Amino acid sequence: MTSTEPGDTGPRPRPRRPYHHGDLRRAVLGAALDAIATDGPSALSLRDLARRAGVSHAAPAHHFKDRTGLLTAIAAEGFGLLATAIGESADLKDAGARYVRFAREHPAHFQVMFTPELLRADDLELTTARALAGAALREAVSAVAPENRGSDPRLAGIAAWSLAHGFATLLLGHNLDEPVGDRDPEEVFRALAAMLFRSA
């Protein structure tokens with residue numbers, strides 16, 4: 001394109017404006033999360049994400065290299081958010097309720113986080129965030145007296161995780177719509193946790 005001004009002898013090239021998107025990485029992640037929530041991770045493509053985010057076709061690859069890198073970044077972010085949520089819990093029941101709340105508020109993250117075949121297993125950001133989430137859960141379990149959780153804290157941790165994760169997964173799949181009804185799912189989970197951990 002060209003422009004002229006009074007006194008110009010002819011057209012001259014118009015200076016190209018620098019491309020600016022703000023936080024391009026965040027825009028691509030947001031578009032990916034929307035796509036996963038709608039169609040699942042298997043339908044995800046970098047080209048479609050570029051279109052959704054309104055960026056160039058090369059932008060997602062520039063930040064994430066490939067589809068696996070993008071999904072790994074989503075999982076790492078999810079584990080980081082989960083670690084923070086559990087770390088702020090008052091007790092084990094609260095930790096589990098926060099786990100359920102996280103799954104409800106971040107269903108796309110939740111779906112990707114626990115599908116290891118989609119992820120780059122040795123990614124440092126992912127392994128660090130996953131370790132932090134695991135440590136937060138173990139801390140919540142260790143706060144329960146042994147007489148109320150059993151003598152093996154590792155097995156107690158597996159039990160607590162299984163209960164929270166299983167409940168959240170069934171809830172997201174609408175398998176608990178009828179039994180939970182109009183009750184608060186987090187309160188229903190707390191009641192279940194009290195059955196398993198007497199003083200959780």
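This is a predicted model: local features need pLDDT of at least 70, side-chain atom pairs count only at pLDDT 80 or more; totals for chains, interfaces and linings use all residues.

**Helix 2, inward side.** I started with helix 2, residues 46–53, and looked up which of its residues are buried: Leu 46, Leu 49, Ala 50 and Ala 53. Looking down the helix axis, I find these buried residues within an arc of 105°, so they line one face of helix 2.

**Helix 2, other side.** Here I find Arg 47 and Arg 51, both exposed. I also checked what comes after the helix: Gly 54 follows helix 2, and its phi is positive, near 70°.

I counted the salt bridges in the structure and got ten.

Which side chain does Arg 51 meet in a salt bridge? It is Asp 48, at 2.5 Å, N to O. Both sit in helix 2, three residues apart, or about one turn of the helix. Arg 51 has 56% relative accessibility, so I log it as exposed, the cut-off being over 50%.

Asp 48 also forms a salt bridge with Arg 52, at 2.9 Å, N to O. This pair is four residues apart in helix 2, again about one turn. Arg 52 comes out as partly exposed, with a relative accessible area of 36%.

**Asp 94.** Next I went to helix 5 (residues 92–105), where Asp 94 sits. Buried or exposed, at 10% relative accessibility? Asp 94 counts as buried, because the cut-off is under 20%. Skipping neighbours within four places in sequence, I find Asp 94 in contact with Glu 88, Ser 89 and Arg 190.

With Arg 190 there is a salt bridge between the side chains, at 3.0 Å, N to O. Asp 94 is in helix 5 and Arg 190 in helix 11 (residues 185–196), so this pair ties together parts 96 residues apart in sequence. Arg 190 is partly exposed, with a relative accessible area of 22%. I then followed the shared partners and got one salt-bridge network joining Glu 88, Asp 94, Arg 98, Glu 187 and Arg 190.

**Largest pocket.** Its volume is about 350 Å³. Of the 16 lining residues, I find Ala 133, Gly 134, Leu 137, Arg 138 and Trp 161 closest to the centre. Helix 4 (67–87), helix 7 (124–142) and helix 9 (153–172) are the elements that give two or more residues to this lining. Helix 7 has the largest share, six residues. Sorted by class, I have eleven nonpolar, two polar and three charged residues in the lining.

**Second largest pocket.** This one has a volume of about 190 Å³. Its lining includes Ile 36, Pro 107, Phe 110, Phe 114, His 165 and Leu 172. Helix 1 (24–39), helix 6 (107–113) and helix 9 each supply at least two lining residues. Which helix gives the most to the lining? Helix 6 does, with four residues. The class tally for this pocket is seven nonpolar, four polar and no charged residues.

Terms used
Residues are numbered from 1 along each chain as its sequence is written. Side-chain values use heavy atoms; hydrogens and water are left out. On a 1 Å grid over the protein atoms alone, a cavity is a set of points where a 1.4 Å probe fits but cannot get out, and a pocket is an open set with protein on both sides within 12 Å along at least five of seven lines; lining residues have an atom within 4 Å of a point. Grid points are joined across faces, edges and corners, and a volume is the space filled by probe spheres set on the points. Ala, Val, Leu, Ile, Met, Phe, Trp, Tyr, Cys and Pro count as nonpolar, Asp, Glu, Lys and Arg as charged, and the others, Gly among them, as polar. Buried means under 20% relative accessible area, exposed over 50%, partly exposed in between (1.4 Å probe, protein chains only). The arc is that of the directions from the helix axis to the C-beta atoms. Contact means heavy atoms within 4.5 Å. A salt bridge is a side-chain nitrogen of Lys or Arg within 4 Å of a carboxyl oxygen of Asp or Glu.
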